[in-house]
Amino acid sequence: MRSVVRACRGITVLAMCLLIAACGSSTPDVPALPEEPVPAGATAFSPRPDIVDAHPLTILSWSRVSDDRIALHFETGTPECFGVDATVTETDDTVTVTLLGGTLPEMQDRMCIMVAVVGTLEVPLQSPLGDRVVTAGA
């Protein structure tokens, strides 16, 4: 009978450990983006929701502009030919930013030089950033 009680206790302890692990912490599953100063010589981009052939861009880092505004840092083509746009999803714990790059509609049928530039795009937040984690979306 004692072995049955011990087995039940062991199963209960295991179940509690699994329950605690399942509840987890409030940290996001996606790693945080590094917060860094605006890169020297970065080119400022304005949001262009009308870009053509939009594709995801990698966000290299970000910086605080104000309590409710951050700047994203990335690499793309020259602003004469290429544009960017971002979407922001906010929770109590995270700010998830998705950055898209593409061709400007007015440059669709023109030749563009293929030179990479370090760009920055300021994005507004609905709530102050506080101590929330900034992550990249898919």
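Where is Met107 found? In this predicted model, Met107 sits in the loop that runs between strand S6 (94-103) and strand S7 (117-124). Despite being in a loop, Met107 counts as buried, because its relative accessibility comes out at 14%, and the cut-off for buried is under 20%.

What does Met107 touch, once its neighbours within four places in sequence are left aside? The contacts are with Glu80, Cys81 and Cys112. Another residue to look at is Ile51: Met107 and Ile51 are 56 residues apart in sequence, while their C-alpha atoms are 9.9 Å apart in space.

A search through the whole structure turns up one disulfide, and Cys81 and Cys112 are the pair that forms a disulfide, with 2.2 Å between their sulfur atoms. In general, such a link is a covalent bond between the sulfur atoms of two cysteines. Here the link of Cys81 and Cys112 is left-handed, with -95° about the S-S bond. Cys81 lies in the loop between strand S4 (69-76) and strand S5 (82-90), and Cys112 in the loop between S6 and S7, so the pair ties together parts that are 31 residues apart in sequence.

Are the two cysteines buried or exposed? Cys81 counts as buried, because its relative accessibility is 5%. Cys112, at 22%, counts as partly exposed.

Key
Residues are numbered from 1 along each chain as its sequence is written. This is a predicted model: local features need pLDDT of at least 70, side-chain atom pairs count only at pLDDT 80 or more; totals for chains, interfaces and linings use all residues. Side-chain values use heavy atoms; hydrogens and water are left out. Helices (H or I, at least four residues) and strands (E, at least two) are DSSP runs, numbered from the N terminus. Buried means under 20% relative accessible area, exposed over 50%, partly exposed in between (1.4 Å probe, protein chains only). Contact means heavy atoms within 4.5 Å. A disulfide is a pair of cysteine sulfur atoms within 2.5 Å.
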